[in-house]
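Please keep the sequence and the structure in view while reading.

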Amino acid sequence: MMKHIFTSGTYSKQLDLLLFILRLTAGIFMLTHGMGKFQTLFGGEPIQFLDPLGLGATASLALTVFAEVACSILLIFGLGTRLAALPLLITMLVATFIIHSNDGFAKQELPLLYAAIYITIMVMGAGKYSMDYLLLRNKKLIQTNNN
């Protein structure tokens with residue numbers, strides 16, 4: 001299973017470059033959404049955050065920060081990319097279908113767009129320009145040298 005998570009995919013240089021741009025763009029943009037929440041989580045003020053799953057405001061905020069900050073950073077570097085995209089996807093689906101369920105398409109459009117990006121990244125992998133690729137390549141080199 002770990003091999004599948006870190007498999008970056010085998011694609012043309014153009015597609016590898018596009019996956020890099022997609023990961024980098026989605027990761028940086030989502031990180032900007034998460035940094036304000038990160039400051040709220042670790043600031044001294046009482047936490048007021050929506051609790052759509054009934055986990056409590058602090059737990060909901062912590063999970064959102066994990067996805068939007070930690071997983072976005074992993075996405076940017078292409079490390080555990082497929083696994084990192086999963087919490088981001090879940091967060092966007094919760095935003096779309098629970099948080100903004102009554103707000104109309106205008107509020108649902110952006111999280112749906114992010115969800116489509118994260119699904120694409122989960123299916124395609126990180127591409128060649130990623131830490132996943134380097135780790136798997138180095139592991140294959142080590143295994144080749146040991147044989």
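## Helices and the overall chain

Helices here are DSSP runs of at least four residues, numbered from the N terminus. In this sense Thr 91 has its place in helix H4, which covers residues 81-99. The model is a predicted one, and its chain has six helices and zero strands, so that, read from the N terminus on, the order of the elements is α-α-α-α-α-α.

The C-alpha trace of the chain spans about 55 × 35 × 25 Å along its principal axes. Of the 147 residues in the chain, 34% are buried, and the accessible surface comes to about 8800 Å², with 69% of that surface belonging to carbon and sulfur atoms. Among the contacts in the chain with a separation of 6 or more, 71% are between residues 24 or more positions apart. As for charge, the chain carries 10 positive and 7 negative side chains, and the centres of these two sets lie 20 Å apart.

## The nonpolar cores

Which residues have the most contacts inside the largest nonpolar core? This core has 15 residues, and those with the most contacts inside it are Met 30, Leu 75, Leu 88, Met 92 and Tyr 118. The elements that give two or more residues to this core are helix H2 (13-42), helix H3 (57-77), H4 and helix H5 (105-124).

Apart from neighbours within four places in sequence, its contacts are with Thr 64, Ala 67 and Glu 68.

## Aromatic pairs

A pair of aromatic rings is described by the distance of the centres and the angle of the planes. A search of the whole structure finds three such pairs, and two of them are described here. Phe 38 and Phe 42 form a tilted pair, with 4.9 Å from centre to centre and 55° between the planes. Because these two residues are four apart in helix H2, Phe 38 and Phe 42 are separated by about one helical turn. Phe 38 counts as partly exposed at 33% relative accessibility, whereas Phe 42, with a relative accessible area of 59%, is exposed.

Tyr 114 and Tyr 118 form a stacked pair, with 6.0 Å from centre to centre and 15° between the planes. Since Tyr 114 and Tyr 118 are four residues apart in helix H5, about one helical turn separates them. Tyr 114 counts as buried at 7% relative accessibility, and Tyr 118 is buried with a relative accessible area of 0%.

## Two distances through space

Ala 62 lies in helix H3 and, at 31% relative accessibility, counts as partly exposed. Ala 62 and Lys 37 are 25 residues apart in sequence, and their C-alpha atoms are 8.6 Å apart in space.

Leu 86 is found in helix H4 and is partly exposed, with a relative accessible area of 35%. From Leu 86 to Leu 19 the separation is 67 residues in sequence and 16 Å in space, C-alpha to C-alpha.

Key. Residues are numbered from 1 along each chain as its sequence is written. This is a predicted model: local features need pLDDT of at least 70, side-chain atom pairs count only at pLDDT 80 or more; totals for chains, interfaces and linings use all residues. Side-chain values use heavy atoms; hydrogens and water are left out. Contact means heavy atoms within 4.5 Å. A nonpolar core is a set of buried Ala, Val, Leu, Ile, Met, Phe, Trp, Tyr and Cys residues joined through side-chain atoms within 4.5 Å. Buried means under 20% relative accessible area, exposed over 50%, partly exposed in between (1.4 Å probe, protein chains only). Accessible areas come from the Shrake-Rupley method with a 1.4 Å probe; for residues, only the protein chains shown count as cover. Lys and Arg count as positive and Asp and Glu as negative; His and the chain ends are not counted. The place of a charge is taken as NZ of Lys, CZ of Arg, CG of Asp or CD of Glu. Rings of Phe, Tyr and Trp (its six-membered ring) pair if their centres lie within 6.5 Å; planes under 30 degrees apart count as stacked, over 60 as edge-to-face and the rest as tilted.
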